[in-house]
Amino acid sequence: MAIIGLFVKENRILTPEEVWVPLRRKFGRLGLPSVYRNLDTLAGCHILTQVHQFDNKRYYALCHARHDHHHHHIVCTSCGKVGEFEGCALESVRRVDGFKVLRHFVQLEGICADCQ
Ligand SMILES: [Zn+2]
Ligand SMILES: [Zn+2]
Ligand SMILES: [Zn+2]
């Protein structure tokens, strides 16, 4: 609950370390591996989503859509806020160059309304 609360308050992508620092202040003995485990679990439940950035760090953000609802995320390059979009055109792509398509990964980057 504390992790979800932090993501709601920060309203941006966070690394496990960025989650760990304020929570450690609150819970004292909390270890970083435990934060990693919790983030993994929350991502598995589609409460969080893993976000790709080009600095080789792991990032997470809140995911607001139902897990069975096909959607992707857009990340603000200025503040790290995450939005969601539906109606992905790749959903209808079933075959590519002889391949049967199983899944795809899409993430958009942009500038959010507050940062424009
Ligand atoms: Zn989402
Ligand atoms: Zn922004
Ligand atoms: Zn899609």
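Two residues are taken to be in contact if their C-beta atoms, placed from the backbone, lie within 7 Å. On that basis, and leaving aside neighbours within four places in sequence, Glu86 is in contact with His70 and His71. The model is predicted, with pLDDT of at least 70 needed for local features and 80 or more for side-chain atom pairs to count, while totals for chains, interfaces and linings use all residues. Residues are numbered from 1 along each chain as its sequence is written, and chains are lettered from A and ligands numbered from 1 in the order in which they are written.

To start with the overall layout, the chain has three helices and seven strands, where helices (H or I, at least four residues) and strands (E, at least two) are DSSP runs numbered from the N terminus. Their order along the sequence reads α-α-α-β-β-β-β-β-β-β. Along the principal axes, the C-alpha atoms fill a box of roughly 55 × 35 × 25 Å. Of the 116 residues in the chain, 16% are buried; a residue is called buried if 20 or more other C-beta atoms lie within 10 Å of its own, exposed if 12 or fewer, and partly exposed in between. Among contacts between residues at least 6 apart in sequence, 44% join residues at least 24 apart.

Next comes the packing of the interior. A nonpolar core is a set of buried Ala, Val, Leu, Ile, Met, Phe, Trp, Tyr and Cys residues joined through C-beta atoms within 7 Å. The largest one here has 15 residues, and Ile13, Leu14, Val19, Leu39, Leu48, Tyr60 and Ala61 touch the most other members. Helix 1 (2–10), helix 2 (16–27), helix 3 and strand 2 (59–62) each supply at least two residues of this core, with strand 2 giving the most, at three residues. Setting aside neighbours within four places in sequence, Val19 is in contact with Ile3, Leu6, Leu14, Val35 and Leu39.

Helix 3 (residues 32–44) passes a quick geometry check. Just after helix 3, His46 takes a positive phi of about 60 degrees.

On to the sheet: three strands form an open, mixed arrangement in the order 4-3-7, with two strands counted as paired if DSSP finds at least two bridges between them. Strand 4 (82–85) and strand 7 (107–110) stand at the edges with a single partner strand each, so one side of each is left without a neighbour in the sheet. From one strand to the next the twist averages 30 degrees, using axes that are lines fitted to C-alpha atoms (for helices, over the stretch in contact) and angles from 0 to 180 degrees between N-to-C directions.

Strand 3 (residues 72–76) pairs with strand 4 in the antiparallel sense over four bridges, and with strand 7 in the parallel sense, also over four bridges. On the strand 4 side, His72 stands opposite Phe85 and Val75 opposite Val82. In strand 7, Gly110 is the residue that Cys76 stands opposite. Strand 3 and strand 4 form a hairpin with five residues between them, and Gly80 in the turn has a positive phi of about 85 degrees. The covered face of strand 3 carries His73 and Val75, and the uncovered one His72, Ile74 and Cys76.

Finally, a few loop residues. Glu86 sits in the loop between strand 4 and strand 5 (95–96) and counts as exposed because it has 10 C-beta neighbours inside 10 Å. Glu86 and Pro16 are 70 residues apart along the chain, and their C-alpha atoms are separated by 27 Å.

Asn56 has a positive phi of about 65 degrees although it is not a glycine. The loop that holds Asn56 lies between strand 1 (48–51) and strand 2, and with 5 C-beta neighbours inside 10 Å, Asn56 counts as exposed. Asp97, another residue other than glycine, has a positive phi near 50 degrees. Asp97 is found in the loop between strand 5 and strand 6 (99–100) and is exposed, with 4 other C-beta atoms within 10 Å.
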